[in-house]
Amino acid sequence: MSNSLQNKVAVVTGAASGIGLASTEILVANGATVVMVDRNVATMEKIQAKYKDKIIPCVTNLIDPDSCAKMVPSIIEKTGKIDILHANAGCYIGGI
């Protein structure tokens, strides 16, 4: 992979599994520093151990409004910017 995203900060929601994790790994492979947004602390710590300073965990419960309200300020405090946002996480509300 290239370093075409060098010095870029990417935020990926739902980053600890599935498409979010795959997106995280591709972004890191292309040079980005990735803020992993997820509620799965153990998996984020495991991925951070693998990629070191290219991963910044951000523990957030995306179905909790208070947790979401703290997310962006926390990211800006840690990184100073957001260049890329991959809003991967979602939820299914049955019966609609």
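The following paragraphs lead the reader through the structure shown above, from the chain as a whole to selected residues.

The structure is a predicted model, in which local features need pLDDT of at least 70 and side-chain atom pairs count only at pLDDT 80 or more, while totals for chains, interfaces and linings use all residues. Residues are numbered from 1 along each chain as its sequence is written, and side-chain values use heavy atoms, with hydrogens and water left out.

The secondary structure of the chain consists of 3 helices and 4 strands. Here helices (H or I, at least four residues) and strands (E, at least two) are DSSP runs, numbered from the N terminus. Along the sequence these elements follow the pattern β-α-β-α-β-α-β. The chain has a radius of gyration of 13 Å, close to the 12 Å that the globule rule gives for 96 residues, so it is as compact as a globular protein of that length. The radius of gyration is taken over C-alpha atoms, and the globule rule is 2.2 Å times the number of residues to the power 0.38. Taken along the principal axes, the C-alpha atoms fill a box of roughly 45 × 25 × 25 Å.

Further values describe the surface and interior of the chain. Of its 96 residues, 33% count as buried. The term buried means under 20% relative accessible area, exposed means over 50%, and partly exposed lies in between (1.4 Å probe, protein chains only). The chain exposes about 5,700 Å², of which carbon and sulfur atoms supply 57%; accessible areas come from the Shrake-Rupley method with a 1.4 Å probe, and for residues only the protein chains shown count as cover. The mean positions of the 9 positive and 8 negative charges are 6 Å apart. Among contacts between residues at least 6 apart in sequence, 50% join residues at least 24 apart, where contact means heavy atoms within 4.5 Å.

Leaving aside residues up to four places away in sequence, Asn3 touches Ala29, Asn30 and Gly31. The C-alpha atoms of Asn3 and Arg39, which are 36 residues apart along the chain, are separated by 29 Å. Asn7 also belongs to the segment before strand 1; its relative accessibility of 61% places Asn7 among the exposed residues. The phi of Asn7 is near 70 degrees, a positive value in a residue other than glycine.

Strand 1 (residues 9-13) contains Ala10, which is buried, with a relative accessible area of 0%. Not counting residues up to four places away in sequence, Ala10 touches Leu27, Ala32, Thr33, Val34, Val35 and Ile84. The C-alpha atoms of Ala10 and Ile82 are separated by 6.2 Å, although these residues are 72 residues apart along the chain.

Helix 1 (residues 18-29) holds Thr24, another residue that is buried with a relative accessible area of 0%. Beyond its neighbours within four places in sequence, Thr24 is in contact with Val12, Ala15, Val34, Met36 and Ile55.

Val35 lies in strand 2 (residues 33-38) and counts as buried at 1% relative accessibility. With neighbours within four places in sequence left aside, Val35 is in contact with Val9, Ala10, Val11, Val12, Ile56, Cys58, Ile75 and Thr79. For Val35 and Ile75, 40 residues apart along the chain, the C-alpha atoms are separated by 7.4 Å.

Just after helix 2, Lys52 takes a positive phi of about 55 degrees. Lys52 sits in the loop between helix 2 and strand 3 (55-59) and is exposed, at 55% relative accessibility.

Finally, helix 3 (residues 65-79) includes Ser67. Ser67 is buried, with a relative accessible area of 16%, and touches Val59, Thr60 and Asn61, not counting residues up to four places away in sequence.

Notes: Lys and Arg count as positive and Asp and Glu as negative; His and the chain ends are not counted. The place of a charge is taken as NZ of Lys, CZ of Arg, CG of Asp or CD of Glu.
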